[in-house]
Amino acid sequence: MATKKVTVTIPADLLDEIRADAAERGLSAYVAEALRFKRDRDRLLELVDWLQEEHGPVTEDERVAALDELEDLDAEHERRRASGPHNAGEAA
């Protein structure tokens, strides 16, 4: 992957914290990951705005149902992770 060196200004206290957190990964990798996360979050927020314009706001019942489903998916993911390697073709 091609890279390009840039200069940014970061508050000193934040930079100290980031350097401590980045440790072995390195500052550049940490910052690149953070920027990707921010870009992806911004894109998701744009999608949410568009969906709400098209379909109206999410109701409280829909929000609760989605959070319940996420909890179920997280629990299944944790169960699979704890059970060790599995067949990639294993059904859910």
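Predicted model: local features only at pLDDT ≥ 70, side-chain atom pairs only at ≥ 80, totals over all residues.
Reader: How many helices and strands does the chain have?
Author: Helices (H or I, at least four residues) and strands (E, at least two) are DSSP runs, numbered from the N terminus. Here the chain has three helices and zero strands. Along the sequence the pattern reads α-α-α.

Reader: What does the radius of gyration say about the chain?
Author: The radius is taken over C-alpha atoms, and the globule rule is 2.2 Å times the number of residues to the power 0.38. A compact globule of 92 residues would come out near 12 Å, but this chain has 20 Å. Along the principal axes, the C-alpha atoms fill a box of roughly 45 × 45 × 30 Å.

Reader: What share of the residues is buried?
Author: Buried means under 20% relative accessible area, exposed means over 50%, and partly exposed lies in between (1.4 Å probe, protein chains only). Buried residues make up 4% of the 92 in this chain.

Reader: Now salt bridges. How many does the structure hold?
Author: The general idea first: side chains of opposite charge can pair when their charged atoms come close. A salt bridge is a side-chain nitrogen of Lys or Arg within 4 Å of a carboxyl oxygen of Asp or Glu. The structure holds seven.
One of them joins Arg25 and Glu33, at 2.5 Å from N to O. Arg25 is partly exposed at 44% relative accessibility, and Glu33 is partly exposed at 43%.
Arg39 and Asp40 also meet in a salt bridge, at 3.0 Å from N to O. Arg39 is partly exposed at 37%, and Asp40 is partly exposed at 35%.

Reader: Why are Glu78 and Arg81 separated by about one helical turn?
Author: Because they are three residues apart in helix 3 (residues 60–82). Glu78 is partly exposed at 37% relative accessibility, whereas Arg81 is exposed at 54%.

Reader: Which residues are linked in a network of salt bridges?
Author: Glu76, Arg79 and Arg80.

Reader: On to pockets. What volume does the largest pocket have?
Author: Take a 1 Å grid over the protein atoms alone: a pocket is an open set of points with protein on both sides within 12 Å along at least five of seven lines, and lining residues have an atom within 4 Å of a point. Grid points are joined across faces, edges and corners, and a volume is the space filled by probe spheres set on the points.
The largest pocket has about 480 Å³. Of its 16 lining residues, Lys4, Val6, Ser28, Val31 and Ala32 are the closest to its centre. Helix 2 (residues 27–55) gives the largest share of the lining, six residues.

Reader: How is that lining divided by class?
Author: Ala, Val, Leu, Ile, Met, Phe, Trp, Tyr, Cys and Pro count as nonpolar, Asp, Glu, Lys and Arg as charged, and the others, Gly among them, as polar. The lining of the largest pocket divides into 10 nonpolar, three polar and three charged residues.

Reader: Which residues line the second largest pocket?
Author: Val48, Leu51, Gln52, His55, Gly56 and Val58. That pocket holds about 260 Å³. Its lining has three nonpolar, three polar and no charged residues.
Val48 lies in helix 2. Val48 is partly exposed at 38% relative accessibility. Its C-alpha atom is 21 Å from that of Ala34, 14 residues apart along the chain.

Reader: Where does Ala23 lie, and what is its phi?
Author: Most residues other than glycine have a negative phi. Ala23 has a positive value, near 40°. Ala23 lies in the loop between helix 1 (12–22) and helix 2, and is exposed at 55% relative accessible area.

How values were computed
Residues numbered from 1 in each chain as written. Heavy atoms only, no water. 1 Å grid on protein atoms, 1.4 Å probe; cavity = no way out; pocket = protein on both sides within 12 Å on 5 of 7 lines; lining within 4 Å.
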